[in-house]
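Here are my notes for you on this one, written as numbered points. Keep the picture open while you read.

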Amino acid sequence: MSQALRPELQQAVEDVVASGFLGAALRVQNEEGEQEGAAGLARIGDLAAPPADGRFRIGSNTKTFAAALALGLAAEGVLDLDGPVAEHLSGRNLDRRITARMLLQHTSGLFNFTGELGADGGYLPGIPAPGTPKGGEWLDDRFRTYRPDELIAVSLARPPRFEPGTSWSYSNTNYVLLRLLVEQVTGRPFAGEMRRLVLDPLGLSGTMTPESASELPEPHAHAYYRHGPETIDVTCHDPSWISTGGDMISTNRDLTAFLSGLLGGRLLPAALLAEMCTPHPTGIPGMGYGLGVFVQETKGGPVITHNGGIAGYATLMYGAPGGGTVMAASLTCVDDSRLSIAPAFLNAQRRLVGEVFG
C-alpha cells in the first residue's frame, strides 16, 4: 500500500508544476516503502489533479524495455549481440559491421529518422515529429500509421554520422531496427515477446506496446501541443511514427516495479545486467550509455536512468544499482516545436533526483 509523499517530495512535485508543467505525478520506492503523489491539473479547464498512478506515454523509456527484451533473448541464446544485424535483416542495405550491441548502445552511426543536428549545427530533417521544426506537419497528420521500414528508409537515405562502433550518437533508428531484429530471430511479434520476457515476469499489467493504436487507456492526464495560436489536445495519436524508439504506455507503479526488478536481477543473468549498466562514453559530462540505459553520476553515487518525452508527456525513471531505491515521474505540458519546456524539464530532473538520491 502506497503512502503519501513525504512533505519535501510533495513540495518538489508542486515546484515542478509551478516551473511550467500542467501536472506531475511522482512515485518513489525505497527502504521506507512506497510513496506517491501528484500536483497540478489533469487537463486544461478542469480542476482535477493528475491521477497519481494513471497511464501515460513513456517516450524513450521504451528503449530500456526493448533492451531488456533483447538481452533476455541473448540469455536464451536466440540473439547474438555481436553478430551482423544484416544477416537477419536482408534487403535493407545495412552496413554489415553493425551489430545488435551497437543498436542497443547507439554506436551504429545511423541517422536519426526524426531528424538531428548536422556537424555545422544546422537541422537535418527527418519525418514530421513533435518537438522539431516539422511539429506542425506532425500535428496535422498525427493519426497517420507508419511501418517500421518506412522509418528505417528515411534514415538509410542519409549518410551515416560515423563508421559503426567508432563513436556515439543517439538515434531512434537503432531501436526500430532492434524491433525488426527481435521479430526476425524469434518469428514472433515484438509485443508478444515483450510480454513474455519482461511484462509478465514482473507483473506489469499497466504497461502496453500500442503498435498503431491511438487511444490512451483511462485513467490518464492529458497532453497538449501548441502550434501558432492554437493549443491542441494530443493525448490520442498514432505512435507508430516513433515505433520502438518511444511508443510504449505505462504507469509510475509499473516503471518503478520494472526498474527495481531489472536492477535487482529478476530479469537478466548477472553478467548481462552488468553489460547493460556498463557506460560507454557519450560526450555528455557525467553521463555514459550502456545498453538501453544512461549511467549518470550524482552526489549520492551513480544512478541508472532513461528519460523520455513525447508530444506533451515527459517521463523520468531512475534507480540505484541493485534497485533498492527507484523513482518514476510523469509530467504533462503544452509542448511545441521550439521545445520551450526543455529548460523546465532539465530542472525537474535535477530537483527530483536530488531529493530522492541525495
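1. Let's begin with Arg338, which is exposed, its relative accessible area being 65%. The cut-offs behind that word: exposed is over 50% relative accessible area, buried is under 20%, and partly exposed is in between (1.4 Å probe, protein chains only). Arg338 has a salt-bridge partner, Asp336, with N and O 3.7 Å apart. Asp336 counts as buried, at 4% relative accessibility.

2. A quick word on what you're looking at. This is a predicted model, in which local features need pLDDT of at least 70 and side-chain atom pairs count only at pLDDT 80 or more, while totals for chains, interfaces and linings use all residues. Residues are numbered from 1 along each chain as its sequence is written, and side-chain values use heavy atoms, with hydrogens and water left out.

3. How many salt bridges are there by the rule used here? The count comes to 23. The rule asks for a side-chain nitrogen of Lys or Arg within 4 Å of a carboxyl oxygen of Asp or Glu.

4. Take a look at Asp15 and Arg351, a salt bridge whose closest N and O atoms are 2.7 Å apart. Asp15 sits in helix H1 (residues 7-18) and Arg351 in helix H10 (residues 342-357), so this pair ties together parts that are 336 residues apart in sequence. Helices here are DSSP runs (H or I, at least four residues), numbered from the N terminus. As for accessibility, Asp15 is partly exposed at 31%, and Arg351 is partly exposed too, at 30%.

5. Now find Arg96 and Glu87. Their salt bridge has its closest N and O atoms 3.6 Å apart. Arg96 is exposed at 52% relative accessibility, and Glu87 is exposed with 53%.

6. Salt bridges can also join up: Glu76, Arg188, Glu193 and Arg196 are linked in a network of them.

7. Last stop, Thr186, which belongs to helix H6 (residues 172-186). Is Thr186 buried or exposed? Thr186 is buried, at 13% relative accessibility. A polar atom of the Thr186 side chain lies 2.7 Å from the backbone oxygen of Val182. Leaving aside residues up to four places away in sequence, Thr186 touches Leu73, Val78 and Glu193, where touching means heavy atoms within 4.5 Å.

How values were computed. Helices (H or I, at least four residues) and strands (E, at least two) are DSSP runs, numbered from the N terminus. A polar contact is a pair of N or O atoms within 3.5 Å; within protein, one must be able to donate a hydrogen and the other to accept it, and residues adjacent in sequence count only if both atoms are side-chain atoms.
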